[in-house]
Amino acid sequence: MRLRGNLRLLVAAVCFGSLLAACSSGSSGSSTTTRTGNTVPLVAAGSTGSAAYLVYWDQNEEVDFLSMPSGTQGQLLPAWDLNGQVCILPDGRFVGGYDPTLPAQQSFGSAKPYKQPADGMELDEPNGSFSGQTLYVPGPYKLPGQTIGGDSPPSPNGVFNNNQTYTGCVVDKAGNILANDIATAQGQYPAPSSGRLVEWFAPDYTTYCIDYGPTAGGVGPHHTDGTGGLAQPGMMTLADNGDVLVPNVGTSSVLQFAQSSLPTSAAQCPGGIYPRDKVKVSDFVKDLSFPSGIAKDPTCDCFAVSTYIGDPSIRWVSSSGQPEPGRGSVPGTTITDLGKSPGQYNPFGMAFAPDGTLYFIDIHIACSAGLSGCGPANYGGRVMKVTFSGGQPSAPVALATGFDFPTSVTVCVPSKSTCPYPTGTIVAPLSGPSENPGPDAGPTSNAPGKAGFG
């Protein structure tokens, strides 16, 4: 298993430095349609029974789920590379960032075949199997034995995800997939501005555009470790008008990308890059310490915003980004109290159920040597729930625990959308060595992973 070391190191770096001031909807798709550009047919999901809604979260390279109101928990996608926000397409397929564990990373890792290129977004079937298709920005940098390369080079010891990792995502109203790449924001503080917002276009997701990214320096024409782009972006969402909302640590804000200013096809992106002067971006919410997630609250015309260090840890803002009247906040952990209480929580990705119940990921920061040894606790990640009375949030309650650095939650409502669900016997969520056993030897071959469960 490979932890998302970028946040573990970022927390430690912050403790030595100064603190900042401060999925889709639509009708069901056919289960027998073959996609253009891909020979893998859609797979019908299993029965979701009488679930009012399903909650999904990523952790330790697998995707797990909670079915409500039954409370059933299980694996949707067995451990095979996915780490990051899960975004669901109208037909029940879903995407998420992947960057496979490599032996050089000195962490537990799956023996399943590597996906190619080394970093990208994987497209998965409604039953949790890999479709065989990945979304990526093409380039010359490959794992040995692979036929597809990406545009970010590996670090000197051969690790690709030190320079590129897709984390947050959204599916826009046209069905296009947008994801943010944290790039080289792997522990440096302040966070470098090497991150990117990348878009793949429906219906096939074989064409791409770098909507926003570095404008100077770096490697190659895409400035993959340059400056002038995003700086440690987090878990994303859409505004009602289709604008893309992106938490961004480096600006202590949630950025708002105007949907009307973004490309609608790859033809608008010469060399794969959208002209910067066409992008309209502004601060949606300002003066946040370590913004990590944003989610639309269905009970009001407002949004919840999370910060994994700071008090409050979750606050509510209006559709214009101002404090929402009548809404309370969820208390958080300040930098001076970090890691001192086993009951503390450090919110990251969030999602709301239709009734307004809030689910969020607690990356659960622990400290081993004062503030110099802080990071997400091994197997300490939790899925938390917050309910409301009169607009005031309850104290968070843990629903599922023992995870290795989960990052996001996603809610899907079967009465409104096709929701991913496993077929066959439900397998309980796993974590750590029981899920991706050591020693970390890696696959016997670098031949690309194919469709299926690995």
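Colleague: Where do I start: which strands make up the open sheet with the order 9-10-11-12, and how do they pair?

Modeller: General idea on the terms: helices (H or I, at least four residues) and strands (E, at least two) are DSSP runs numbered from the N terminus, and two strands pair if DSSP finds at least two bridges between them. Here, four strands form an open sheet in the order 9-10-11-12, with antiparallel pairing. Strand 9 (166-171) and strand 12 (208-212) are the edge strands, each pairing on one side only. On average, neighbouring strands of this sheet are turned by 25° against each other, direction ignored; axes are lines fitted to C-alpha atoms, for helices over the stretch in contact, and angles run from 0 to 180 degrees between N-to-C directions.

Colleague: Before we go on, what kind of model is this?

Modeller: It's a predicted model, so local features need pLDDT of at least 70 and side-chain atom pairs count only at pLDDT 80 or more, while totals for chains, interfaces and linings use all residues. Residues are numbered from 1 along each chain as its sequence is written, and side-chain values use heavy atoms, with hydrogens and water left out.

Colleague: How many bridges link strand 10 to strand 11?

Modeller: Strand 10 (residues 177-181) pairs with strand 11 (residues 196-200) over five bridges, in the antiparallel sense. To find one on screen, pick Ala-179: its bridge partner in strand 11 is Val-198.

Colleague: What joins strand 24 to strands 21 and 27?

Modeller: Strand 21 (residues 358-362) pairs antiparallel with strand 24 (residues 381-386) over five bridges. Leu-358 stands opposite Val-386, and Tyr-359 has Lys-385 as its bridge partner. In a regular strand, side chains alternate between the two faces of the sheet. Five bridges also join strand 24 to strand 27, again antiparallel, with Met-384 opposite Ala-398.

Colleague: Is strand 24 mostly covered or mostly open?

Modeller: Mostly covered: five of its six residues are buried, where buried means under 20% relative accessible area, exposed over 50%, and partly exposed in between (1.4 Å probe, protein chains only). For the protein, 59% of the 454 residues count as buried.

Colleague: How many helices and strands does the protein have?

Modeller: One helix and 28 strands.
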